[in-house]
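Open the model in your viewer and keep the selection tool at hand.

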Amino acid sequence: MARLSHGLLGALNCVTLLLSLPVVCAGVYFRMNAATECDRALQLPVIGLGCALLLLSLAGLAGACGRRPAAKPILWAYVVAMFVLIVAVFAFTVFAFVVTNRGAGRAVSGTGYMEYRLGDYSGWLQTRIAEPETWRRVRSCLADARVCGRFDGAVGLGAMNFFRQHLSPIQSGCCKPPTWCGFRYENATFWEAPTSGLSPAAADDGDCRAWSNDQEVLCFQCNACKAGVLATVKKKWKAIATVNAALLALLIVIYTLGCCALRSDGGSRYYKGGGADQT
């Protein structure tokens, strides 16, 4: 049993070691070749994850294949680190599912896109995105990415063709006024306010007042834009949480093998005298 647990632990850590190398290399490559500061910042978690996986794999290999008593402290440190990692991954996965449980786009009749309202999302997400410094950084990233840039080539598009387009949540919230404001479509980059003025409900709506045809402003200060960002974050967090659930199962298997190796008293396949372990 001891030989089996050490062998499986070593094999699994070989696999994770091989997986960590391309993760680190890809993270470094994309960070060095990123077009914007936001793209570079997004690679930091990838590099951090790859480095952590690399160090844990090396520790697991040393603990599983090393000779005792030197290997035993390494194996203890490895098991403790794995336990902390399991707790962290579990906590983040549960948190991600909880905070992304609310919020969905609302279909707009006669269009190919949906619209989003900030109040539909969890209070925690609303609080984070409403922080001035957070939104300043997000808005800067949206400007760098030119999320509304595709509209520049659609200036001559008729209203019916424009409304049939599929827009991403961010484009729907940030690049045009909300439908309920009643603005009239002139072209993809210009919307005209009703000649009779905004309705009382629209006049009281901060998004309707915030809209501007200035291409540097648009609806970037609208709650609809923030809701579009949260819709995108929600989709990505749900995908990450699903992957984390599978990762959690793998980590628990590796942690269990590490505990079995510790129980075999030595973290090694050898007796102190150098003979092969026959258990």
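A cavity here is a set of grid points where a 1.4 Å probe fits but cannot get out. This is a predicted model. By that rule, the count is one cavity of 30 Å³ or more.

**Stop 1: the cavity**

Select Glu115, Tyr116, Ser172, Gly173, Lys176, Pro178, Trp180 and Ala224. Together these residues line the largest cavity. Its volume is about 40 Å³. What classes of residue make up the lining of this cavity? Four are nonpolar, two are polar and two are charged.

**Stop 2: a pocket**

Now clear the selection and pick Ala143, Arg146, Gln215, Glu216 and Phe220. You are at the second largest pocket, and these five lie nearest its centre. By class, six of the lining residues are nonpolar, two are polar and four are charged. The volume of this pocket is about 250 Å³.

**Stop 3: two crossing helices**

Select residues 132-145, which form helix H5, and residues 223-263, which form helix H10. How do their axes cross? The two axes come within 12 Å, and the crossing angle is roughly 80 degrees. Angles of 65 to 115 degrees count as roughly perpendicular, so H5 and H10 are roughly perpendicular to each other.

On H5, show Trp135, Val138 and Leu142. On H10, show Cys225, Lys226 and Val229. These residues make the contact. Five of the contact residues are nonpolar, none is polar and one is charged.

**Stop 4: a hairpin**

Move on to residues 184-187, strand S3, and residues 190-192, strand S4. In which sense do S3 and S4 pair? The pairing is antiparallel, over three bridges. Follow the chain from S3 to S4: a hairpin joins them through two residues.

Finish by selecting Tyr185 and looking across to S4, where its bridge partner is Trp191. While you are here, look at which way the side chains point. In a regular strand, side chains alternate between the two faces of the sheet.

Conventions:
Residues are numbered from 1 along each chain as its sequence is written. This is a predicted model: local features need pLDDT of at least 70, side-chain atom pairs count only at pLDDT 80 or more; totals for chains, interfaces and linings use all residues. Side-chain values use heavy atoms; hydrogens and water are left out. On a 1 Å grid over the protein atoms alone, a cavity is a set of points where a 1.4 Å probe fits but cannot get out, and a pocket is an open set with protein on both sides within 12 Å along at least five of seven lines; lining residues have an atom within 4 Å of a point. Grid points are joined across faces, edges and corners, and a volume is the space filled by probe spheres set on the points. Ala, Val, Leu, Ile, Met, Phe, Trp, Tyr, Cys and Pro count as nonpolar, Asp, Glu, Lys and Arg as charged, and the others, Gly among them, as polar. Axes are lines fitted to C-alpha atoms, for helices over the stretch in contact, and angles run from 0 to 180 degrees between N-to-C directions. Helices (H or I, at least four residues) and strands (E, at least two) are DSSP runs, numbered from the N terminus. Angles under 35 degrees count as roughly parallel, over 145 as roughly antiparallel, 65 to 115 as roughly perpendicular and the rest as oblique. Contact means heavy atoms within 4.5 Å. Two strands pair if DSSP finds at least two bridges between them.
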